[in-house]
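Hi everyone, thanks for coming. Let's look at some charged side chains today, and then at a helix. Have a look at the picture first.

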Amino acid sequence: MPKKKAGRGEQSLRELLRLPVGEPVDLSAYDAGGTPGGPPDKRTGLAATAALAPRLADLQERLYAASTAGDRRRLLLVLQGMDTSGKGGTVKHVIGHFNPSGCRIRAFKAPTEEESGHPFLWRVARALPEAGEIGIFDRSHYEDVLIARVRELAPRTEIETRYGEIAGFEKSLADRGVTLVKVFLHISYEEQRARLLERLDNPEKHWKFNSGDIEERALWPAYQQAYEIALERCATDRTPWYLVPADRKWYRNWAISRLLLEHLEELAPEYPKGNFDVAECRARLLA
């Protein structure tokens with residue numbers, strides 16, 4: 001998905017947005033304002049996203065229903081991106097398609113004292129979705145090779161080891177029936193500034209702003225490099241990364257909705273058959 005137009009209808013969105021596995025990643029080669037494979041404009045995009053909702057809800061219900069008969073499959077959406085890239089907005093607008101009782105949402109902040117006393121994957125393993133559920137991680141275990149790398153919160157040798165630990169952890173998830181949908185929300189430097197200014201200019205959004213955001217923004221090149229390393233080293237054919245341009249919020253929401261739909265359709269969950277005599281139970285109710 002470098003800065004060029006892809007023909008519509010030629011590939012699934014998973015193919016269009018999937019980063020190449022085993023190849024170096026150069027984020028500057030990807031247009032954060034692009035709309036690869038998407039609707040032509042915002043109005044059409046909003047309508048297209050709304051049109052996906054009934055099918056997404058149906059597939060979620062089937063996935064949950066299948067778990068009552070022993071199906072161990074579940075889906076985990078991992079959202080990573082720079083500040084203001086839209087992780088929270090995705091949770092609000094995209095996950096709104098689903099029944100919240102079948103979702104498990106976790107926003108990862110700085111580790112607590114208890115969490116810091118365990119291996120870095122400990123708190124992540126505790127937040128995984130159960131069979132039949134859709135899990136959403138707003139930030140994730142990748143913070144431990146992103147901010148930890150940029151801010152030098154751990155020895156470099158330890159951070160280098162973590163990439164392999166993450167790859168092994170994600171392989172074990174896939175082996176246990178977890179469909180991982182790892183999404184990097186790609187926002188531009190200019191768009192981030194506009195969104196931070198919008199928060200400053202609106203008192204109702206001051207709760208979203210932290211002066212530390214400006215300090216983190218000053219480290220933009222280091223974060224881009226940290227992401228490039230993580231996106232390259234922690235991607236496999238079974239657990240790839242998808243790069244979603246995030247400067248246009250409507251496209252971001254449509255693209256992630258579409259990615260989830262394609263993964264759920266591939267799972268093709270079915271309602272389990274009843275273990276009772278329908279006719280006999282009907283007759284008893286009508287008696």
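Okay, one definition to start: a patch is made of residues with over 30% relative accessible area and no salt bridge, where like charges are joined within 9 Å and nonpolar side chains (Val, Leu, Ile, Met, Phe, Trp, Tyr) within 5 Å. Keep in mind that this is a predicted model, where local features need pLDDT of at least 70 and side-chain atom pairs count only at pLDDT 80 or more, while totals for chains, interfaces and linings use all residues. Residues are numbered from 1 along each chain as its sequence is written, and side-chain values use heavy atoms, with hydrogens and water left out.

So which residues form a positive surface patch? They are Lys42, Lys92, Lys208 and Lys249. For charges, Lys and Arg count as positive and Asp and Glu as negative, with His and the chain ends not counted; the place of a charge is NZ of Lys, CZ of Arg, CG of Asp or CD of Glu. Accessible areas come from the Shrake-Rupley method with a 1.4 Å probe, and for residues only the protein chains shown count as cover.

Take Lys249: its relative accessible area is 40%, so we call it partly exposed (buried is under 20%, exposed is over 50%, partly exposed is in between, with a 1.4 Å probe and protein chains only). Lys249 sits in helix 11, residues 249-267. Helices (H or I, at least four residues) and strands (E, at least two) are DSSP runs, numbered from the N terminus.

Now, salt bridges: a side-chain nitrogen of Lys or Arg within 4 Å of a carboxyl oxygen of Asp or Glu. How many does the structure hold? There are 24 salt bridges.

Asp58 pairs with Arg62, with the closest N and O atoms 2.9 Å apart. Both lie in helix 2 (residues 42-67), four residues apart, about one turn of the helix.

Arg233 bridges to Glu160, with 2.4 Å between the closest N and O atoms. Arg233 is in helix 10 and Glu160 in helix 7, so this pair ties together parts 73 residues apart in sequence.

Lys182 and Glu170 meet in another salt bridge, 2.7 Å from N to O. Are they buried or exposed? Lys182 is buried, and so is Glu170. Finally, salt bridges that share partners join Arg55, Asp58, Arg62, Glu265 and Glu270 into one network.
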